[in-house]
Amino acid sequence: MTHAHNHGDDTTRVWQSADGLHIDVRGLNPPEPMIEILKLLDAPETSSVIAHLDREPIFLYPELDERGWSYEVLPSECGDPGCDHEVRLQIVRLHP
C-alpha cells in the first residue's frame, strides 16, 4: 500500500510503501532537495528514508554524517545503465 502526500513544496512527494518511507525531490533547484530531505529526517519518528533525486547529493553527505545517518546509493530501478535520470539514496539513522 502506498500513501502519498505533499511535503513542503508542491513538487516534493513523500509516501510510505512496503520498502519504507520515500521522498521525491526531483525537479527542485539546489539546495531545496537537501532542505526537504533534512526536514523529513528531523522528524523523531523517521528512522529510514529512500530519497529520489536528479543527481548525487554530494553536499548532503557531510550533513548526514554530522547528524548520525548512514547512506547508500541504490541501484537503478529499471536495471539499465541508461537509466541515469534518477539517483535513489537509502538513508538510515545510525542511533535510535
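These are my entries, topic by topic.

**Ground rules.** I am working with a predicted model, where local features need pLDDT of at least 70, side-chain atom pairs count only at pLDDT 80 or more, and totals for chains, interfaces and linings use all residues. Residues are numbered from 1 along each chain as its sequence is written, and side-chain values use heavy atoms, with hydrogens and water left out.

I looked up strand β3, residues 20–24. Helices (H or I, at least four residues) and strands (E, at least two) are DSSP runs, numbered from the N terminus. I call a residue buried under 20% relative accessible area, exposed over 50% and partly exposed in between, with a 1.4 Å probe and protein chains only. In β3, 5 of the 5 residues are buried, so the strand is largely enclosed by the rest of the structure. Next I checked its pairing, which requires that DSSP finds at least two bridges between two strands. β3 pairs with strand β4 (residues 48–53) in the parallel sense, over 3 bridges. I23 has A51 of β4 as its bridge partner. Between β3 and β4 the chain passes through helix α1 (residues 32–41), and this β-α-β crossover is right-handed. That term means the path from the first strand over the helix to the second runs clockwise, with the strands pointing away from the viewer.

**Salt bridges.** My rule is a side-chain nitrogen of Lys or Arg within 4 Å of a carboxyl oxygen of Asp or Glu. By it I get 5 salt bridges. D24, R26 and E86 are linked in a network. The closest N and O atoms are 2.6 Å apart for D24 and R26, and 3.8 Å apart for R26 and E86. R26 sits in the loop between β3 and α1, and E86 in the loop between β5 (69–74) and β6 (87–93), so this pair ties together parts 60 residues apart in sequence. D24 is buried at 8% relative accessibility, and E86 is buried at 17%. R26 is partly exposed at 29%.

I also noted K39 with E36, at 3.2 Å between the closest N and O atoms. Both lie in helix α1, 3 residues apart, about one turn. E36 is buried at 7%, while K39 is partly exposed at 41%.

What lines the largest pocket, by class? I find 10 nonpolar, no polar and 3 charged residues. Ala, Val, Leu, Ile, Met, Phe, Trp, Tyr, Cys and Pro count as nonpolar, Asp, Glu, Lys and Arg as charged, and the others, Gly among them, as polar.
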